[in-house]
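Let's take a walk through this structure together, from the whole chain down to single residues. Please have the model open as you read.

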Amino acid sequence: MCPLQLRTLLFVGWVVGYVAFLLSIRRMWTGKYIRNPVVRSLLVNMLSDLDTIDVTKWYRCNPDLLEESLQPLFIQNQLDADTRAFVEQSEEKSTYLFTQIYYSLVSTILSPLVSRTSINGFLGRGSMFVFSKNQFQQLLQIEPDWVADRLLDLGAGDGGVTKVMAPHFTEVYVTEVSLTMKRRLRKKKFKLLGIDAWQETGFKYDVISCLNLLDRCDDPLRLLKDIRQSLVPGTGRLIMAAVIPFQPWLEIGGRWERPREYIKIQGKTWEEQVNGLTNEVFRKVGFEVESFTRLPYLCEGDIARDYYLLDDAVFVLKSSDDQVAAP
């Protein structure tokens, strides 16, 4: 057998073994092969559909744990039709076995070289869900027909969340680091700006969204100060989403590194971390909380999980100097 044939045989054997491994994981996650009834019950609860799990915990907040000034600003949300549709679509996609095997194989090969975001952009997967159309309107306290001039979505990813906000703005600008995600944003006709150019355009933005970016930024306080300077005076608003617990890390070429400007937020509960972000971050750079809510930060799943979920705190922030009403 020649060396080429041997290498081909070894590669085929590796692929077959890898697929078998993925299938075994999928079978394990169903709970079928777990003998311990407690663990098995836990996994079944984790993977059950929306009609059999307590989704109210995705939105739950104990106002008594919030500082007094924040208590009246909390907006209670619940599972709505758009959120349900995203989860059910993710569940359906996870059943596409050969597609998921292909995704997993490509991700394994590329992960040492490029970021997870770029891999997802290349594969056309990994869409995120932060809020629905109605939740966005409720949070910003606007009517369905409200329209402003400019939106800037920082770190827009594939533009899925941008698309939710876009109908309320005449011009929609985005930034993104990943080359593969940039291509997807261009296809959606959003106006792409450089990551160091958006604050130097010569105009201000009515709304800037910074969704789950602050904990993946090397200079988060500098970013917030730049955002504050780039908003329309008086009426400009920042929509800020942060994963709780707040744990800053940077993904660089498939590696995770600590950011240069590291922010440590005190508190163990969701509410305590909201207090910490408000006092230790937002107020220090000149922002005040106008409203906030608790929402699930959802991501399409893979061969092991139907979808992935993190706890988000989503804020509407205004400059501390603003004395006018919300838009």
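This is a predicted model: local features need pLDDT of at least 70, side-chain atom pairs count only at pLDDT 80 or more; totals for chains, interfaces and linings use all residues.

Lys189 sits in the loop that joins α8 to β5; helices (H or I, at least four residues) and strands (E, at least two) are DSSP runs, numbered from the N terminus. Residues are numbered from 1 along each chain as its sequence is written, and side-chain values use heavy atoms, with hydrogens and water left out.

Lys189 has a phi near 70°, a positive value in a residue other than glycine. Is Lys189 buried or exposed? Its relative accessible area is 71%, so Lys189 is exposed (buried means under 20% relative accessible area, exposed over 50%, partly exposed in between, with a 1.4 Å probe and protein chains only). Phe190 lies in that loop too, between α8 (179–187) and β5 (191–192), but Phe190 is buried, with a relative accessible area of 13%. Beyond residues up to four places away in sequence, Phe190 touches Gly159, Thr162, Lys163, Ala166, Val172, Val174 and Leu185, where contact means heavy atoms within 4.5 Å. One of these partners, Val174, is 16 residues from Phe190 along the chain, with 6.6 Å between the two C-alpha atoms.

Now step back to the whole chain. It has 327 residues, 47% of which count as buried, and its secondary structure comes to 10 helices and 11 strands. Among contacts with a separation of 6 or more, 69% are between residues 24 or more positions apart.

Next, have a look at helix α3, residues 81–93. The buried residues here are Thr83, Phe86, Val87, Ser90 and Glu91. They cover an arc of only 135° around the axis, which puts them on the same side of α3 (the arc is that of the directions from the helix axis to the C-beta atoms). In general, an α-helix has 3.6 residues a turn, so residues three or four places apart point the same way. The cover over the buried residues of α3 includes β2 (128–129), α6 (133–140), β10 (287–300) and β11 (307–319).

How many of the 13 residues of helix α10 (residues 270–282) are buried? The count is 10, so α10 is largely enclosed by the rest of the structure. Its buried residues, including Trp270, Leu277 and Phe282, pack against β1 (74–75), α9 (220–230), β7 (237–244), β10 and β11.

That brings us to the nonpolar cores, each a set of buried Ala, Val, Leu, Ile, Met, Phe, Trp, Tyr and Cys residues joined through side-chain atoms within 4.5 Å. The largest has 38 residues, and Phe136, Phe169 and Val314 are among those with the most contacts inside it. Apart from it lies another core, of 37 residues, among them Ile208, Leu231, Met240 and Val289.

Pro245 is in the loop between β7 and β8 (250–252), and the peptide bond from Ile244 to Pro245 is cis, with omega near 5°. Asn212, in the loop between β6 (207–211) and α9, has a positive phi of about 55° although it is not a glycine. Asn212 counts as buried, at 10% relative accessibility.

Key. The expected span of a helix is 1.5 Å times one less than its number of residues.
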